[in-house]
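Hi,

Here is the structure I promised to pass on. Have a look at it first, and my notes follow below.

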Amino acid sequence: REKYEALLHEFNPVHFDADAMVGFAKSCGISYICLTTKHHDGFCLWDTRETDYNVMHTPFKRDIVKEFSEACQKHGLGLALYYSNPDWHHPNAYNPLSTHQIPPRETDVPDMPVYIDFIKRQVTELLTNYGPICAMFWDIPPHIDDPSINELVRSLQPGIRINNRGFDAGDFSTP
């Protein structure tokens, strides 16, 4: 974990070009793009206030979600956001009910209600700072029922479609 987390100081995709990527997708007939905003490792590709473990604290120092959002709006493509429920970096996120977990550090304090509040704050950032979002793609079912999270998502982005791998049933099934 320590070796992986140290890569934060090396992350610098100097050839990244959201406009070119989205333009190419558009030319292929794609109607939307699903961007991974945070995977299981907890690293965030946007300028989140909730953790320093994000793209703005790398040599790259650019908000990838913002650049994808702007490119999608420019090219008329929908933007869907992928968000992993597990977070191997957050000190409260360990969830023994779910898969894709790694044991907590000795200094971690697993606390799902605290972690769910963190998720809500991050989702609020994602769904209020980047224009229209067509879908929310949760990953790795937490096996915890909390409809308030999808209710928050819908309140921030009416008409959004939500998959069933989060804290509630959602609109469509993803095996």
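Which residue in strand 3 stands opposite Leu-81? It is Met-136. On its other side, Met-136 stands opposite Ile-162 in strand 4.

Before the rest, some ground rules. This is a predicted model, where local features need pLDDT of at least 70 and side-chain atom pairs count only at pLDDT 80 or more, while totals for chains, interfaces and linings use all residues. Residues are numbered from 1 along each chain as its sequence is written, and side-chain values use heavy atoms, with hydrogens and water left out. Helices (H or I, at least four residues) and strands (E, at least two) are DSSP runs, numbered from the N terminus.

Now the sheet: it is open, with four strands in the order 1-2-3-4 and parallel pairing (two strands pair if DSSP finds at least two bridges between them). Strand 1 (32-38) and strand 4 (161-162) are at the edges with a single partner strand each, so one side of each has no neighbour in the sheet.

Further in, five bridges join strand 2 to strand 3, and two join strand 3 (residues 135-139) to strand 4. Ala-135 stands opposite Arg-161 in strand 4. Four of the five residues of strand 3 are buried, so it is largely enclosed by the rest of the structure (buried means under 20% relative accessible area, with a 1.4 Å probe and protein chains only).

Finally, strand 2, helix 4 (residues 112-128) and strand 3 form a right-handed β-α-β unit: with the strands pointing away from the viewer, the path from the first strand over the helix to the second runs clockwise.

Cheers

Notes
Buried means under 20% relative accessible area, exposed over 50%, partly exposed in between (1.4 Å probe, protein chains only).
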